[in-house]
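Trainee: Could you take me through one part of this model with care, namely the pairing of charged side chains? I would like the criteria stated along with the values.

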Amino acid sequence: MSSIINYVADGSTSTFQIPFNFIDRAHVVVTVDGTTVTPTFINDAQLSISPTPTSGLKVTVKRSTPVGALVDFTDGSTLFEADLDLAHKQNRFIAEESSDRADSAIDTVNVNITSINTVAADTAAINAVSGNITNVNSVATNMAEVLLADTNAATATNQAAASAASAAAALVSETN
């Protein structure tokens, strides 16, 4: 049973199913578009979010069982079935959550493998830029001067063309 469920909000639904078991309602974490929200529990299988999430936003409901011991066994005490069951359930839930998160991470890598391979193929270019980051930062810092130099170069080119035209006109006038 998955300990994570993702929904895409439709803008009108505020009630969402909790398809997994949990030990305590405090172990159920709800996020809307990455921001944690506090749900209202209708029962142990449904919760409500207010305000209703906007259409298109990702709503995630997941179980997050604490890793600290929920039961503390002491020497010489009586072992109760409920305590043993709780300790076992906590460990099982933590293992399920770890597996779900690992599977999710693998799925994310698989979805993005083309992009990852593209970046890996561009390692030489990335390292070249990285090796020249001081120069890149210097240009960025001095961008106004770079733009002024570009403007001045264009002005100089225009003035050179005008001078050449003036010299040609002067040569024609001298010949006349």
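Mentor: Let us begin with exposure: a residue is called buried under 20% relative accessible area, exposed over 50%, and partly exposed in between, with a 1.4 Å probe and protein chains only. This is a predicted model, in which local features need pLDDT of at least 70 and side-chain atom pairs count only at pLDDT 80 or more, while totals for chains, interfaces and linings use all residues. Residues are numbered from 1 along each chain as its sequence is written, and side-chain values use heavy atoms, with hydrogens and water left out.

A salt bridge here is a side-chain nitrogen of Lys or Arg within 4 Å of a carboxyl oxygen of Asp or Glu, and by this rule there are 4 salt bridges. One of them joins Arg25 to Asp44, with N to O at 3.0 Å; Arg25 sits in the loop between β2 (15–17) and β3 (28–32), and Asp44 in the loop between β5 (40–43) and β6 (46–48), 19 residues apart. Helices (H or I, at least four residues) and strands (E, at least two) are DSSP runs, numbered from the N terminus. Both partners are partly exposed, Arg25 at 37% and Asp44 at 47%.

Glu96 pairs with Arg63, their closest N and O atoms being 2.8 Å apart. Because Glu96 lies in helix α1 (residues 81–111) and Arg63 in strand β7 (residues 58–63), this pair ties together parts 33 residues apart in sequence. Arg63 is buried at 1%, whereas Glu96 is partly exposed at 22%. Glu96 also forms a salt bridge with Arg92, at 3.3 Å between the closest N and O atoms, and shared partners join Arg63, Arg92, Glu96 and Glu97 into one network.
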